[in-house]
Amino acid sequence: MTGDNEIVVSVRDLHTWFELRRWGIVRVGNVRAVDGISFDLKRGESVAFVGESGCGKSTLARTLLGLHIPTSGKVFFEGINMQELDRKGLLDYRARVGFVQQDPYGALPPFMDVRRILREPLIIHGVGDRKEQESRIRESMEDVRLSPPEEFLHKFPHMLSGGQQQRVVIARALMLKPSMIIADEPVSMLDASVRVEILNLLRNIQKTRQLTLAFITHDLSTVRYFAERVFVMYAGRIVEKSTVDNLLEHPAHPYTRALLDALPDPDPENAARMRELPSGEPPSLIDPPSGCRFHPRCPHAIKGLCEVDIPPDFEPGEGHTAACWLHRQ
Ligand code: SF4
């Protein structure tokens, strides 16, 4: 299949659980970090996965990267079932998916200079001779505006600013010409002054190269500029999926509405109306609430229904789903 609607990633009923053991021996339960998630990502689109910390979005990212083994469910990448890949297949898969981590300094080996960091994936995957590798390194550095490359090639991570480190991380993610980039909170550890620059850079690269971008963030205020669609996550599940504009104008799930209400308003007259997220903590992923997981915090919970039955995905509009009983027909 080719074209604008080509599906790159298909996830079906994915669960990634971690065993919880007392004293490291006796199994006492499971942390259900990802607990029944399904979605498709199309070629060349940017999708933001949004939710509070602990909602499972980083575990989802690491499962998509092949760093966690799913407990059950399926992940298809360009039509291939990831769970059926052998060691070599998994290595090839990782070449097709680039990863931009949250902490650029922690993501870069401190004992390698920029040239070596960027050459490393080419060596591991046996790409090109030394001359070709050098030209790819310079091309990626130009793409992320580490220019002129001569100024940075010999530098070690500690000699770079946070923004420059993140540009190296992005350049490394591009070295093997991936089809998809997964960016996990890519600017949350950077100074406010460089955040927009890095987000714009990622967005431009994604558009120019027609990459699929899975953008993991807790910050709903940034998604309008960097994604076409948003998936809102709560307690290991996706509770709402929509285009960005529609989600911001017509949020259908009470949790999404609460996230939007909690955003700071730049207009001081409206700022006073800003509300906190609903009372209560995000639920435990070891023993999550029955029925709708948001029901203990939801101001609209329907007694006798929401705490008992898990809401399926309803469709309040075209291309828009919300797992909430308020939208049953
Ligand atoms: Fe609230 Fe019920 Fe909707 Fe859950 S299903 S968000 S508890 S109204």
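The structure holds 21 salt bridges. A salt bridge here is a side-chain nitrogen of Lys or Arg within 4 Å of a carboxyl oxygen of Asp or Glu. The model is predicted: local features need pLDDT of at least 70, side-chain atom pairs count only at pLDDT 80 or more, and totals for chains, interfaces and linings use all residues. Residues are numbered from 1 along each chain as its sequence is written, and side-chain values use heavy atoms, with hydrogens and water left out.

Helices (H or I, at least four residues) and strands (E, at least two) are DSSP runs, numbered from the N terminus. Arg12 is partly exposed, at 36% relative accessibility. Asp40 is partly exposed as well, at 25%.

Glu45 sits in the loop between E2 and strand E3 (46-50), and Arg229 in strand E9 (residues 229-234), so their bridge ties together parts 184 residues apart in sequence. Glu45 and Arg229 are both buried. Buried means under 20% relative accessible area, exposed over 50%, and partly exposed in between (1.4 Å probe, protein chains only).

Lys177 is in the loop between H6 and E7, while Glu139 is in helix H5 (residues 130-143), so the pair ties together parts 38 residues apart in sequence.

Now the fold. The chain has 11 helices and 12 strands. Its radius of gyration is 21 Å, close to the 20 Å that the globule rule gives for 329 residues, so the chain is as compact as a globular protein of that length. That radius is taken over C-alpha atoms, and the rule is 2.2 Å times the number of residues to the power 0.38. Buried residues make up 50% of the 329.

An open sheet of 8 strands runs in the order E6-E7-E8-E3-E9-E10-E12-E11, with mixed pairing. Two strands pair if DSSP finds at least two bridges between them. The edge strands are E6 (97-100) and E11 (314-317), each pairing on one side only. E6 and strand E7 (residues 180-184) run parallel, joined by 4 bridges. In E7, Ile181 is the bridge partner of Gly98.
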